[in-house]
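Please read them with the structure open.

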Amino acid sequence: MRRLRIRVATPADCRALAEMRYRFRTELESATEPRSRFVRRCTSWMQTRLCSGSRPWRCWVVDGGKQLFGHVCVQLFEKMPNPVNEREVHAYLTNFYVVPEKRDRGLGEKLLKKALSWCRHQGADAVILWASPGSKSLYRRCDFNESADIFQAREG
């Protein structure tokens, strides 16, 4: 069996990433868009943003040679300039997923550490995310803290 490796996503990965995105999101909620339409739309979006080498986005994959088994994505975003000792960029971690058949093998933690290392090198002040109930223990092990400072307003 070929060894799994973590690497930066390439344009050739975008369809597989879109397929995993569909699988990831529909594990907990029912789809409201047909799979084929979503995969086309998401593949195009990912090719433009995740795999173009643009600075605000970066995506890493778990590559098994013939198949991808997981991914994590990060988007950097600027903060407004401020006159205090605080860096002016944050990172948003999203689309963090390992296929169920490869979970509990440390792949998620390796992916997360790769993304966090990149965020540090980019000078991110904070890394934020929305955690699923099953992922909270992983984030705690990797030094994330639940914050009372963040509010969110959602439509509906």
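Predicted model: local features only at pLDDT ≥ 70, side-chain atom pairs only at ≥ 80, totals over all residues.

1. The largest nonpolar core has 42 residues. Those with the most contacts inside it are L17, V74, L93, F96 and L112.

2. Which elements build this core? At least two residues each come from α1, α2, β2 (57-63), β3 (68-78), β4 (89-98), α3 (107-121) and α4 (136-141). The top contributor is α3, with 7 residues.

3. V74 deserves a look. Leaving aside residues up to four places away in sequence, V74 touches P56, W57, R58, W60, A91, Y92, L93, A115, W118 and C119. L93, in that list, is also among the core residues with the most contacts.

4. Next, T94. This residue sits in strand β4. Is T94 buried or exposed? T94 has a relative accessible area of 17%, so T94 counts as buried, the cut-off being under 20%. Its contacts, not counting residues up to four places away in sequence, are W57, V72 and C73. W57 is also touched by V74.

5. Now the helix pair. Helix α1 (residues 14-26) packs against helix α2 (residues 35-49) at an angle of about 130°, and their axes are 8 Å apart. That angle makes α1 oblique to α2. The crossing of α1 past α2 is right-handed.

6. What meets at that contact? From α1 come C14, R15, L17, A18, E19, R21 and Y22. From α2 come R35, F38, V39, C42, T43, M46 and Q47. By type, the contact residues divide into 8 nonpolar, 2 polar and 4 charged. L17 belongs to this contact and is one of the core residues with the most contacts.

How values were computed:
Residues numbered from 1 in each chain as written. Heavy atoms only, no water. Axes fitted to C-alpha atoms, helices over the stretch in contact; angles between N-to-C directions. Helix = DSSP H or I, 4+ residues; strand = E, 2+ residues; numbered from the N terminus. Parallel < 35°, antiparallel > 145°, perpendicular 65-115°, else oblique. Left-handed = near helix turned anticlockwise from the far one by under 90°. Contact = heavy atoms within 4.5 Å. Nonpolar A, V, L, I, M, F, W, Y, C, P; charged D, E, K, R; others polar. Core = buried A, V, L, I, M, F, W, Y, C linked by side-chain atoms within 4.5 Å. Buried < 20%, exposed > 50% of the residue type's maximum accessible area, 1.4 Å probe, protein only.
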